[in-house]
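Have the structure open beside you and follow along.

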Amino acid sequence: MKTIYVLAEHRQQHLRDTTWDALAAGRDLAQKTGAELACLLLGSGVDAMADQLAKECPKVVVVDDPRLANFNSEPFVKTLTGLLAGQDSYVLVIGNSNSIIDLAPGLSVALDAALATDCIGFEVDGGKVKALRQIYSYKVNALVSFKGASRIVATLRSGFFSFAPSGAAPGAIEKVASPLGDEPLRKRFLSYVEAEKGDVDIASADIIVAIGRGIGDEEDLSMFESLADAMGGVVACSRPIVDKGLLPKYRQVGTSGVEVKPKVYLALGISGAFQHLGGIKGNPLIVAVNKDPRAPIFRAAQYGIVANLADVVPALEEKIKELKG
Ligand SMILES: Cc1cc2nc3c(=O)[nH]c(=O)nc-3n(C[C@H](O)[C@H](O)[C@H](O)COP(=O)(O)OP(=O)(O)OC[C@H]3O[C@@H](n4cnc5c(N)ncnc54)[C@H](O)[C@@H]3O)c2cc1C
């Protein structure tokens, strides 16, 4: 591999966490392959973001075009195809978001590149890149090779790559003319709609008591609210709780919900699906209560209690109140 490219994802003039995930994975791959590392930043008026990236990446390629101001897979595919035309030895690493799910398959076809989605790691064997993916509802890890492909697009699963500042000298910023022609786009970005902000902002909470389908048919959430109060935290949830109408969407943690960065995350009756875990950032202390000892949440948790919620939650609250005096 000659080059490891990392696609920078941004929204409302801010780099998204997915960009740092992708840079962490890209940096690791560049070290393992000895390839050059470069970030691709597509947008409009993105100088500040380019500077931010250059602090962590030896090269940042910028395409500045008003048609790239907001994510739209059509001009993004066309621009990336133009940028990478004629190159034949690269891995393009991209984070994980709804925009990327829209972008990556079509992009790999346009680039005539192999595609591996949702990767959780990479190995390099005799100079050949292999991707680690989880299959069968994340029960089996599969190491996949690319059958000799020299152009590879790889998207990542959130939560498996952690970025740390490198402290290296700032990289070069290279501004490239937009390869987008004058032909009209069939897809248009209409507007950015801010997600509903409710009475509680789980994104900024330090202590989260998250409830999942394991609470059963119980509609009275006072037991969990009372525990959260005792802990000085807020109640959040997994998607089934929102689907049941028990809590509003702005309390849902996960890839299609809210990203949270608490210090403590208490997961009650939550199995630990990757879509849920993908919303938990910043390596909090995770404590899980689940009656199934094989629930995947126990792989993410530092402390686990295998028990029925009804037995544990009141006892936990009592103990916390006792300790707090
Ligand atoms: C495109 C897409 C996006 C998604 N986005 C999200 C998202 O943003 N957030 C999200 O949360 N999910 C999301 N999901 C759904 C996700 O795949 C899981 O289905 C969901 O997270 C499961 O929620 P859960 O853990 O509460 O329920 P389950 O997986 O049903 O787990 C319930 C757990 O409770 C335990 N349990 C049962 N009874 C008890 C008891 N009495 N005491 C103790 N433990 C008990 C069980 O052992 C089990 O492990 C998404 C899915 C898709 C396809």
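**Overall build.** I started with the secondary structure and found nine helices and 16 strands in the chain. I then looked up the radius of gyration: it is 22 Å, close to the 20 Å that the globule rule gives for 325 residues, so the chain is as compact as a globular protein of that length. I kept in mind that this is a predicted model. The C-alpha atoms fill a box of roughly 65 × 45 × 40 Å along the principal axes.

**Inside the chain.** I checked burial next, and 40% of the 325 residues count as buried. Among contacts with a separation of 6 or more, 65% join residues 24 or more positions apart.

In which order do the five strands of the open sheet lie? I read it as β13-β12-β14-β15-β16, with parallel pairing. At the edges I found β13 (234-237) and β16 (303-306), each pairing on one side only. Neighbouring strands here are turned by 20° against each other on average, direction ignored.

I zoomed in on β15 and β16, which pair in the parallel sense over four bridges. V289 stands opposite I305 in β16. I also saw helix α5 (residues 222-231) lying across β12 (207-211), β13 and β14 (264-268), and it runs at about 165° to β12.

**Around the ligand.** Which residues are closest to the ligand? I noted G212, G214, S238, G254 and S271, out of 27 that surround it. The elements giving two or more residues to this shell are α6 (239-243), α7 (274-277) and β15 (285-290). By type, I sorted the shell into seven nonpolar, 16 polar and four charged residues.

Notes:
Residues numbered from 1 in each chain as written. Predicted model: local features only at pLDDT ≥ 70, side-chain atom pairs only at ≥ 80, totals over all residues. Near = placed C-beta within 6 Å. Nonpolar A, V, L, I, M, F, W, Y, C, P; charged D, E, K, R; others polar. Rg over C-alpha atoms; globule rule 2.2 N^0.38 Å. Buried ≥ 20, exposed ≤ 12 C-beta atoms within 10 Å, placed from the backbone. Contact = placed C-beta atoms within 7 Å. Pairing = 2+ DSSP bridges. Axes fitted to C-alpha atoms, helices over the stretch in contact; angles between N-to-C directions.
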